[in-house]
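Student: I've got this model open on my screen and I'd like to talk it through. Could you walk me through the overall picture and then some of the helix packing?

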Amino acid sequence: VYKRNRKKKGQKLEYAVLMSVYYKERPTSLKESIDSILAQTVLPAQFVIVCDGELTPALYEILDMAEAAHSGLFTRVQLAKQSGLGNALNEGMKHCRYEYIARMDSDDISCPDRMETELFLLKEKNADLVSGAVAEFETDSATIGKIRKLPQTQEEILRFARRRNPFNHPCVMYKKSMVLKAGGYQPFEGFEDYYLWLRMLKSGATGYNTERILLYMRTDGMYKRRGGIKYAGRILRFRNLMLKKGYCSLKDYLISVTLHVGVSLLPDGVRRLIYDSMLRKK
């Protein structure tokens, strides 16, 4: 049964969920993702879904059914052609009516208390953006693999950001005003979120990461996408930008480029082993 948000006296808990979906998404994955939002302990006041180009009939059917079952909750934004994640999120953000925005990917599954936890942290930690740990899975969320945890405090986040992405984008909740202040998502394929965090932090935004698992992230094909000559080239261009704009030191640059580019050029199986053994936790 759908219920409106629980409100506590003196607290404003309204938030919007922002999701982008494109034609290659599996209908079953999209349904699972949407259902996980509709099962939150604190429900959204708005659910913005950006159709990044034309979708398949099966995907539109999932959206139609969700909208029919929850009148007034969904805002659908249709883009004429596929334009990429960053641009799709920028367009969707224009339609978000609330200061707090929770990101959600169309194939992940949020834990039931994810939004309640993040709303609490934004207020308790006086933060502008928060995220939490994600548990990776391939096909069945009941069988999880590694868990990606990140540094918690602002000081740790700032230090970590010089070499690695400091927030788990699939489960971020942030203040719309601070995202817009930093210029929103900007074109940088594969690094739109990382670049946004760097600009937000530089403009004075405060972040926090909880060690609690807030989301189950589907990793089917992820390790393959993070490899190859083209991906290595994108890494190098992004790291060059970081160095040029002062987001990292020369030492940070040399270490991150050597490791990141090196790993991207390894065979898929070896790259996955490195991610699992060195960059993830049980």
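**Overview and helix packing**

Tutor: Buried residues (under 20% relative accessible area with a 1.4 Å probe, protein chains only; exposed is over 50%, partly exposed in between) make up 54% of the 282 residues in the protein. Keep in mind that this is a predicted model, where local features need pLDDT of at least 70, side-chain atom pairs count only at pLDDT 80 or more, and totals for chains, interfaces and linings use all residues. Residues are numbered from 1 along each chain as its sequence is written, and side-chain values use heavy atoms, with hydrogens and water left out.

Student: How many helices and strands does the protein have?

Tutor: Helices are DSSP runs of H or I with at least four residues, strands are runs of E with at least two, and both are numbered from the N terminus. On that basis, the protein has eleven helices and nine strands.

Student: What share of the contacts with a separation of 6 or more is between residues 24 or more positions apart?

Tutor: Contact here means heavy atoms within 4.5 Å. Among the contacts in the protein with a separation of 6 or more, the share from residues 24 or more positions apart is 78%.

Student: Are H1 and H2 roughly parallel or roughly antiparallel?

Tutor: Axes are lines fitted to C-alpha atoms, for helices over the stretch in contact, and angles run from 0 to 180 degrees between N-to-C directions. The axes of H1 (residues 27-38) and H2 (residues 57-69) come within 9 Å and cross at roughly 25°. Angles under 35 degrees count as roughly parallel, over 145 as roughly antiparallel, 65 to 115 as roughly perpendicular and the rest as oblique. So H1 is, relative to H2, roughly parallel.

Student: Which residues of H2 make the contact with H1?

Tutor: From H1, the contact uses Pro27, Leu30, Lys31 and Ile34. Facing them in H2 are Ala58, Leu59, Ile62, Leu63 and Ala66.

Student: How many charged residues are in the contact of H9 with H10?

Tutor: For the classes, Ala, Val, Leu, Ile, Met, Phe, Trp, Tyr, Cys and Pro count as nonpolar, Asp, Glu, Lys and Arg as charged, and the others, Gly among them, as polar. The contact of H9 with H10 has nine nonpolar residues, four polar ones, and a charged count of one.

Student: Is Glu155 buried or exposed?

Tutor: Glu155 is found in helix H5. With a relative accessible area of 58%, Glu155 is exposed.

Student: Last one: which residues does Lys81 touch, leaving out those up to four places away in sequence?

Tutor: Lys81 lies in the loop between strand S3 (74-78) and helix H3 (85-93). Lys81 is exposed, at 67% relative accessible area. With residues up to four places away in sequence not counted, Lys81 touches Asp52 and Gly53.
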